[in-house]
Amino acid sequence: MVPIQSDSTMQFQPQLKSACGIDVHKEKLLVCFYVSGQEQQVKEYGTYTCDLEKIRDDLLEREIEDVIMESTGIYWIALCTILMSAGLRVTVVNPRFVKNMPKEKTDKKDARWLCKLLVNGLVRNSFIASEEQRSFRDLCRMRTKYSNHITQTRNRIVKNLERRNIKLRSVVSNMDTKSAHDIVSALAQGETDIEKLVSLCRGKLKKKKEEMRKALQGVITPHDRMMLQGLLDDIAHYQKQIERLEAEIHRHTDKINQNLIENLRQVKGVGEQSTQIILAEIGDNVKPFATAEKLAAWVGLAPGNKESAGKKFYSGTRDGNVHLRTAMVQVAWAAVRTKNSYWRALYYHLIKRMPKHKAIVAIARKLLRLIYKIIKGTKTYIEYGADYFIKRLQERFSQKRTGSVVPA
């Protein structure tokens, strides 16, 4: 048996003559300087802008051009921007892929370990979006948060009404409707006449007036009215903020090729907001991702691998870009709910042999691979419909029975 060498005795053939490894924290930075033929130096710096500029100056003084750091929270962004503006080659890596030996973790050892990995070419750079794209991302992500806040606030309104046995949610299809909003506003302003409240029903809700009269029989206290008005004010504030964000988002989308936006909108399930999220997270080109499979892995829609002794075990999907993953799952649900669509037929075929949540992730991955090709410019979307899928499925089954080769 050949003994395993420890980290201190293992030798690598260096690929770089100089490098720098930076262990990033909120309040301090541990920087390891490596120059061939000299002893490694580890220095501690603060995180103020003057400290980041001092790191840049020390690197330029030592003529070190290659730097590596972990993408720790948001604390790496300012340092990365300063170093890249000085012409240094910065490698930002996922902390999960560069972990040191267990139970040997210190800040200084982490900085040395990062430096060693960079010197020997054992790291891969992460996808770093441009400043313009990061601004686009922030706008879309903030809009999503405000939308979630609105949903949570409406749920609180329902809770306050249910506490007084007002069953409005049992009658209306959605609290987002104008009828529901007008009734809640009237209750908050002190209206107690049930007939006046019922008269606020619109559309199909007019057919449920008798049921609405029963649902509105409850006692609202001044405290409840104050709480309802406060919640309605919150919703109005969030909606106003969303309007401001959407104006800025449209300013970013106006700079993107409109043909690309139209091609993305042709895909079943992809709407205006999902198109904006896709372009904000990926960009208007896919050069950072060599293949569609690599993009799917980055998003967190690709299955993981776990094999040992020739046996394959279940590993699920990997963690990835949670914002784009959520958007793609929503797109997949919208696609499978489209009547007579290819995706609806595929979904009902998949759920025969796997749970629904796995099937929807599989469809989201397939849609993402299609979007990759559309952004790359190698494909345009054509909706073949459910009949095409069923026909192709029958052809595959008949060819398998006869033993002939199944065409791609």
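Two strands are said to pair if DSSP finds at least two bridges between them, and helices (H or I, at least four residues) and strands (E, at least two) are DSSP runs numbered from the N terminus. In that sense β4 and strand β5 (residues 89-93) pair in the parallel sense over five bridges. This is a predicted model, in which local features need pLDDT of at least 70 and side-chain atom pairs count only at pLDDT 80 or more, while totals for chains, interfaces and linings use all residues. Residues are numbered from 1 along each chain as its sequence is written, and side-chain values use heavy atoms, with hydrogens and water left out.

**The sheet**

- Five strands form an open sheet in the order β3-β2-β1-β4-β5, with mixed pairing, and its edge strands are β3 (41-45) and β5, each of which pairs on one side only.
- Neighbouring strands of this sheet are turned by 20° against each other on average, direction ignored, where axes are lines fitted to C-alpha atoms (for helices over the stretch in contact) and angles run from 0 to 180 degrees between N-to-C directions.
- Helix α2 packs on the sheet and touches β1, β2 (29-35), β4 and β5, its direction making about 170° with that of β4; contact here means heavy atoms within 4.5 Å.
- Helix α3 (residues 107-119) also packs on the sheet, touching β1, β2, β3, β4 and β5, and its direction makes about 140° with that of β1.

- Five of the five residues of β4 (residues 66-70) are buried, so the strand is largely enclosed by the rest of the structure; buried means under 20% relative accessible area, exposed over 50%, and partly exposed in between (1.4 Å probe, protein chains only).
- Asp66, Ile68 and Glu70 point one way from β4, whereas Val67 and Met69 point the other way, and all are buried.
- Strand β1 (residues 18-24) pairs with β4 in the parallel sense over three bridges, and Gly21 has Ile68 of β4 as its bridge partner.
- On the β5 side, the bridge partner of Asp66 is Arg89.
- From β4 the chain crosses through helix α2 (residues 75-85) to β5, and this β-α-β crossover is right-handed, which is to say that, with the strands pointing away from the viewer, the path from the first strand over the helix to the second runs clockwise.

**Helices α13 and α15**

- The axes of helix α13 (residues 322-336) and helix α15 (residues 356-376) come within 8 Å and cross at roughly 100°.
- The two helices α13 and α15 are therefore roughly perpendicular to each other, given that angles under 35 degrees count as roughly parallel, over 145 as roughly antiparallel, 65 to 115 as roughly perpendicular and the rest as oblique.
- Residues making the contact include Met328, Val329 and Trp333 of α13 and Ile360, Leu367 and Ile371 of α15.
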